Amino acid sequence: MVSTHVPRLVIAAPASGSGKTTVATGLMRAFADAGLAVSPHKVGPDYIDPGYHALATGRPGRNLDAYMCGPERVAPLFLHGAAGCDLAVVEGVMGLYDGASGQGELASTAHVAKLLRAPVVLVVDASSQSRSVAALVHGFASWDPEVRVAGVILNKVGSDRHEELLREALGESGVPVLGAVRRAGQVHTPSRHLGLVPVAERRADAVDAVAEFATRVRQGCDLEGLMALARSAPPLPEEAWNPALWAGVPQGDGGTSHAVQAMGEGGHNATTDPHPNRAPVIAVAGGPAFTFAYAEHTELLTAAGAQVATFDPLRDESLPPGTSAIVIGGGFPEMYAAELSANEPLRAAVAALASTGAPIAAECAGLLYLARSLDGKPMCGVLDADARMSERLTLGYREAVALTDSPLAAAGTRVRGHEFHRTVIEPTAGATPAWGITHPRRQVEGFVQGGVHASYLHTHWAGAPGTASRLVAGAGSTG
């Protein structure tokens with residue numbers, strides 16, 4: 001096995017709210033502006049931060065989730081995303097050692113850093129401390145000897161004197177200060193009930209915000225020192241994840257499909273494989289209302305032989321030509337309920353395709369879109385259920401088992417997933433539920449009817465063998 005050397009940094013923090021996203025995204029953009037090919041990554045199931053990472057680097061933001069994909073696939077997925085890059089920057093999640101609830105280090109930033117053999121740079125909110133920063137950094141650096149906390153970036157520093165005190169305190173800690181970012185006026189990065197507003201909903205403002213992040217980082221951070229630290233990471237012995245192998249595509253002649261981007265009729269954005277005459281068209285929802293997606297899903301669908309075409313339920317009044325299956329991921333349909341409802345031609349087209357038994361895979365936002373109504377606004381009416389906003393945030397990892405055969409899984413298939421929403425749907429499950437949740441609590445959830453699989457549960461197909469191939473096979477049989 002040939003080892004692969006990718007210079008890399010993990011940007012972590014003692015706690016959420018320390019400034020990880022600002023610093024990580026700023027570093028990505030600063031290095032990209034310097035002419036480097038930068039691979040962006042995010043620990044955990046977050047869908048929103050990777051959008052800002054993609055804006056900063058011009059490459060897909062990718063998630064590294066040891067819970068949903070398994071620890072053994074973290075390094076291969078990282079190498080897949082970082083192929084051909086000069087540097088990879090990995091933004092952590094929550095505090096450095098915070099992982100899946102009740103499961104030790106699993107899926108924490110520290111866990112991923114160890115799996116990647118990557119140096120960690122700790123971003124510390126220094127706004128309300130001086131000498132105490134040394135005790136904090138010492139604690140994080142010494143907690144797990146296998147985690148290499150190799151540098152500190154001080155965030156929200158108030159003045160030259162404040163910076164001097166912080167650096168003096170850290171002088172004997174053995175952890176070098178690689179940056180001091182000054183406290184400044186709030187960059188316009190609005191949030192709402194599930195975190196930052198996605199890039200797709202505020203692209204012009206997001207471009208400006210990312211540029212400001214980079215300016216702050218350039219002014220306050222030692223980019224040469226950070227790059228030297230990244231280069232100190234050892235080679236990784238794992239092989240890069242291959243979507244064709246994971247999708248079960250035979251290698252050799254006619255093996256891996258090399259996707260090419262093309263514009264289809266009516267503005268639909270298509271990814272085609274080299275055999276369009278036999279490739280079923282799978283329409284994937286996008287646009288501002290449906291922004292939650294993993295880059296690997298489209299790669300898996302394409303590798304499995306599908307022609308992937310994106311459509312925007314806010315704008316497009318028809319499905320892409322030849323659609324034989326639909327994938328509708330997560331997002332914020334509750335923010336666009338009126339607009340989604342007003343697009344009656346597309347709602348009718350989705351319902352008509354569902355009535356034929358064609359495969360339709362819907363997660364979270366997709367579940368709401370297929371419901372009879374959302375906050376009183378008519379939706380597609382595929383499911384006899386009604387959805388509404390609630391005050392309660394549902395958030396966390398889940399273990400589940402498929403309760404019946406569906407376009408996504410055979411009955412009995414066990415998966416790990418994640419829930420992230422402030423809506424409820426009534427009833428919570430259909431006559432044939434999609435999943436039996438086994439952890440952290442037991443319940444049935446979701447809907448399977450005809451070719452429809454709709455659920456609140458987000459899954460990562462790189463951790464669920466055969467999902468994409470099963471969906472493509474179902475699309476081929478009905479297309």
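Biologist: What does the side chain of Ser108 reach at 2.7 Å?
Modeller: The backbone oxygen of Glu105. That's a polar contact, meaning a pair of N or O atoms within 3.5 Å; within protein, one must be able to donate a hydrogen and the other to accept it, and residues adjacent in sequence count only if both atoms are side-chain atoms. Bear in mind this is a predicted model, where local features need pLDDT of at least 70, side-chain atom pairs count only at pLDDT 80 or more, and totals for chains, interfaces and linings use all residues. Residues are numbered from 1 along each chain as its sequence is written, and side-chain values use heavy atoms, with hydrogens and water left out.

Biologist: And which backbone nitrogen lies 3.0 Å from a polar atom of the Ser108 side chain?
Modeller: That of His111.

Biologist: Where does Ser108 lie?
Modeller: In the loop between strand S4 (87-91) and helix H4 (109-116). Helices (H or I, at least four residues) and strands (E, at least two) are DSSP runs, numbered from the N terminus.

Biologist: Is Ser108 buried or exposed?
Modeller: Buried, with a relative accessible area of 0%. Buried means under 20% relative accessible area, exposed over 50%, partly exposed in between, using a 1.4 Å probe and protein chains only.

Biologist: What does Ser108 touch, leaving out residues up to four places away in sequence?
Modeller: Val43, Leu96, Tyr97, Asp98 and Gly99. Contact here is heavy atoms within 4.5 Å.

Biologist: Switching topic: why is helix H3 described as largely enclosed?
Modeller: Because nine of the nine residues of H3 (residues 74-82) are buried. Among them are Phe78, Leu79 and His80.

Biologist: What follows H3?
Modeller: Gly84 does, and its phi is positive, near 80 degrees.

Biologist: How many disulfides are there?
Modeller: Zero, by the rule of cysteine sulfur atoms within 2.5 Å. As for the cysteines, Cys85 counts as buried at 12% relative accessibility, and Cys221 is buried too, at 10%.

Biologist: OK, strands. Which residues of S15 are buried on its two faces?
Modeller: S15 (residues 360-363) has Ile360 and Ala362 buried on one side, and Ala361 and Glu363 buried on the other.

Biologist: How does S15 pair with S14 and S23?
Modeller: S14 (residues 323-328) runs parallel to S15, joined by three bridges; S23 (residues 452-455) pairs with S15 in the parallel sense over four. Pairing takes at least two DSSP bridges between the strands. Ile328 stands opposite Ala362, while Ile360 stands opposite Val452 in S23.
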